[in-house]
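Please open the model in a viewer and keep the selection panel at hand. The stops below proceed from one selection to the next.

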Amino acid sequence: MTIVDFIGVASGVGAQDHGCEAGPEALHSTCISSNLCENPVQWLTTLYPPPAQDDLHTIQLLCRGLSEQVERSVDASHRFAVFSGDHSSAIGTWSGARAAQPADAALGLIWVDAHMDSHTPETSPSGAIHGMPLACLLGHGPDELTKLRAISPVLLPQNVVLIGVRSFEVGERALLSSLGVHIYYMDEVKQRGLETVMRDAHQRVAQGCSQFGVSIDLDAVDPGEAPGVGSPEQGGIHGDELLSALATVVTDPAFVGIEISEYNPAHDVGQKTAQLALALANTIVR
Ligand SMILES: [Mn+2]
């Protein structure tokens, strides 16, 4: 049985509304009270934003620490589940997974999100860093975030896919289309079904990559089923469909870990978003 390291990142510094910073501690409590944090799962640690001169450097330091934690998990042949506050954590999570690989290897990533998170400081209307992590991982953005570890860019465009997108701005779409990143918009997910799309996405990222992971922004799920998020968008994926689609890709030995992001307990209704977040993480326990 593979050990699964749960890692919390209690920060909302990358978002305008910092409410997601409370997400990881709330999930940790629910995890303990529902007996989900037991062998082979271990809640390793929860990271907090360190003091720094500004938000950019706070996120840089936090993501560097996170990347080292994720790298240790992968080096130990554990799977990891990162529960983060805002989605800027992805810079640390996937930089760490990449750092654990040989330099000439490649990492694949399935990005499940209502948004593209592919702004640069030049195109972002808000300047919020949780709108930029995918661009940073692809090598576009401030050096502090694109060059967190020795290997940059962390991801190559042909090894990345987005699923569930339904809200975006022109600047980030222009970047992804110039790079040739494949996007499965929500309309396509509705037409073909998530399981078919996920199988397709898995094939794309598995091709040419020795390892791959999944980053889930809980706002990809319909707000009726996952109301406890930072930026809800109507018309999303069904939670049960996401659970079953995910279960089909995590059986691949090339799967390294998952990230579950943007849980805001203040907006949750009867813990349904928390239960979904933990159920998603538990699909990787096997
Ligand atoms: Mn996101």
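**A tour from sheet to core**

Begin with strand β5 (residues 160–165), which pairs with β6 in the parallel sense over four bridges. Strands pair if DSSP finds at least two bridges between them; helices (H or I, at least four residues) and strands (E, at least two) are DSSP runs, numbered from the N terminus. Residues are numbered from 1 along each chain as its sequence is written. The model is predicted: local features need pLDDT of at least 70, side-chain atom pairs count only at pLDDT 80 or more, and totals for chains, interfaces and linings use all residues.

Select Ile163 next; its bridge partner in β6 is Tyr184.

Now display the whole open sheet, whose eight strands follow the order β2-β1-β3-β8-β7-β4-β5-β6 with parallel pairing. At its edges are β2 (41–47) and β6 (182–185), each pairing on one side only.

Within the sheet, select Leu109, which is in strand β4 (residues 107–112). Why does Leu109 count as buried? It has 27 C-beta neighbours inside 10 Å; a residue is buried if 20 or more other C-beta atoms lie within 10 Å of its own, exposed if 12 or fewer, and partly exposed in between, with C-beta atoms placed from the backbone. Leaving aside residues up to four places away in sequence, Leu109 touches several residues, including Trp94, Leu155 and Phe212; contact requires C-beta atoms, placed from the backbone, within 7 Å. The C-alpha atoms of Leu109 and Ile258 are separated by 9.7 Å, although these residues are 149 apart along the chain.

Move to helix α10 (residues 272–282), which lies across β1 (4–9), β3 (79–84), β7 (211–217) and β8 (255–261) and runs at about 175° to β8. Axes are lines fitted to C-alpha atoms, for helices over the stretch in contact, and angles run from 0 to 180 degrees between N-to-C directions.

The contact is made by Ala26, Leu27, Thr30 and Cys31 of α1 with Ala274, Ala277 and Leu278 of α10.

Finish at Ala277, which touches Leu27, Phe83, Leu218, Ile260 and Tyr263, not counting residues up to four places away in sequence. Together with Ala81 and Ile110, Ala277 has the most contacts inside the largest nonpolar core, a set of 89 residues. Such a core consists of buried Ala, Val, Leu, Ile, Met, Phe, Trp, Tyr and Cys residues joined through C-beta atoms within 7 Å.

How values were computed
Two residues are in contact if their C-beta atoms, placed from the backbone, lie within 7 Å.
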